[in-house]
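Here is my notebook page for today.

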Amino acid sequence: MDQFRRPKFFPAIFSFAVLSACGQSELKPRVSNVCGGSAGSDVLDGLTWIAGSPVQANVLCQVRQSKGTLVQALDPESRDPLLFFDEETSIQLLVERFSGRQSRPTRVSWFSMSGERIGQRGDWPQNVYGINMLSNESAVVSGFDYGVFQKVSRKAGTFAAPEGAEFALSSEAQVRPVHLLTSEAWIAAIDNGYDLISYRPEEAKIYVVGNAQGAERRDAAPVKDVQTGVSCKNAFQAHALTRSRVLLSCNPQYFGPSKGQTVAVFDVRLSPDGSVSARELVHFDAAEVQRIDIFGSDRDNSFVFLGYKSTSKDNYSGKLLRAGWLSLSGGEWIPEDRFSGPLAHLAEGRGSVVACQADSGQCQSGQFLHLSGSSLRQKDISLRSVPMSAEIPFLSFAQEIKKQ
């Protein structure tokens, strides 16, 4: 899922159609072609995702009783939402960010796995990008616009309520945090490294503080592999492996190929003593590959599923060049030609699902593909295309909030 925010515009007629669908949904079952209609089987029941795009109104969708249902239509000015899943509480959190003239604190709504809304708040830091666990009772969230983080409750009676004031990551530098890491008493915020005035990638940095009250600060350090000398510029996408470990995709070329720039994926870890390490997993010259999408990882986090893309000024989402599985330990590359797109693992061992982004022999762009088998990299896994025809394009699956 893209973490870089582009200027957002959308046709009023589209917004009216989505909101009309929402209004009608209160009068009859909320099965809707907006989210795909019939799935043909119950294999994806419980799957939740956001549909839309950063230039449209968005909706929250779920498969229930083998049908795509509209859970919630977002406000028209909420065009940059994120979805999270807290496995420990079986709660899904919809985070709505508001930009431009509508800029204001982030609104969070949380839902049961059956799609019922449990609660809602509108007082999280402005433009929240990440949520991370501190303990069984607390989490921490980051605010992109003003470079802050804030401790919030995970307790049943006060769920999502802020605990204490926002804490500024730096009093000297402008920080734009796109991901948080936690380990023991330490919190690390990853600044995205992008100049929002000149629109050029810069070196991403890590800001480490002692705890949720900022008792101790460490000097900001670049996200850089000291062995290869390669640094991460514009950390535009983050994929959490654990609460203290994240993969970053760095420097997509929003305006087309730029020879000499480096496009890379980094493995970043926060240690219990507050030290941070960064390791480059793969890199390309931007004349060859302009964007690397992190589609997901396998269940044991031994391989990451990547898509290498070409982009242009008019197509920053990119065209897929190739997809495959990259070993996080040895760098082995296993090409994948059966499917490509964002990957999510279903609960209770019910397999995995891919939102296909490119046509292949097994799945067409815009479809969901159900995968089952001991290892998704193996050629003998079961692949089953789900015949859903959504009227609004897939945007993102939920990001899992890691407890370990």
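**Ground rules.** I am working with a predicted model, where local features need pLDDT of at least 70 and side-chain atom pairs count only at pLDDT 80 or more, while totals for chains, interfaces and linings use all residues. Residues are numbered from 1 along each chain as its sequence is written, and side-chain values use heavy atoms, leaving out hydrogens and water.

**Cavities.** I searched the whole structure and found 2 cavities of 30 Å³ or more. (A cavity is a set of points on a 1 Å grid over the protein atoms alone where a 1.4 Å probe fits but cannot get out; lining residues have an atom within 4 Å of a point. Grid points are joined across faces, edges and corners, and a volume is the space filled by probe spheres set on the points.)

**The largest cavity.** Its volume is about 70 Å³. Among the lining residues I noted Trp124, Met133, Phe159 and Ile401. The lining divides into 9 nonpolar, 1 polar and 2 charged residues. (Ala, Val, Leu, Ile, Met, Phe, Trp, Tyr, Cys and Pro count as nonpolar, Asp, Glu, Lys and Arg as charged, and the others, Gly among them, as polar.) Strands β8 (128-133) and β10 (148-153) each supply at least two lining residues. (Strands are DSSP runs of E, at least two residues, numbered from the N terminus.)

**The second largest cavity.** I got about 40 Å³ here. Its lining includes Thr48, Gln62 and Phe111, and divides into 4 nonpolar, 5 polar and no charged residues.

**The sheet.** I traced 4 strands in an open antiparallel sheet, in the order β12-β13-β16-β17. (Two strands pair if DSSP finds at least two bridges between them.) In β17, Pro222 stands opposite Lys205.

Note on methods: 1 Å grid on protein atoms, 1.4 Å probe; cavity = no way out; pocket = protein on both sides within 12 Å on 5 of 7 lines; lining within 4 Å.
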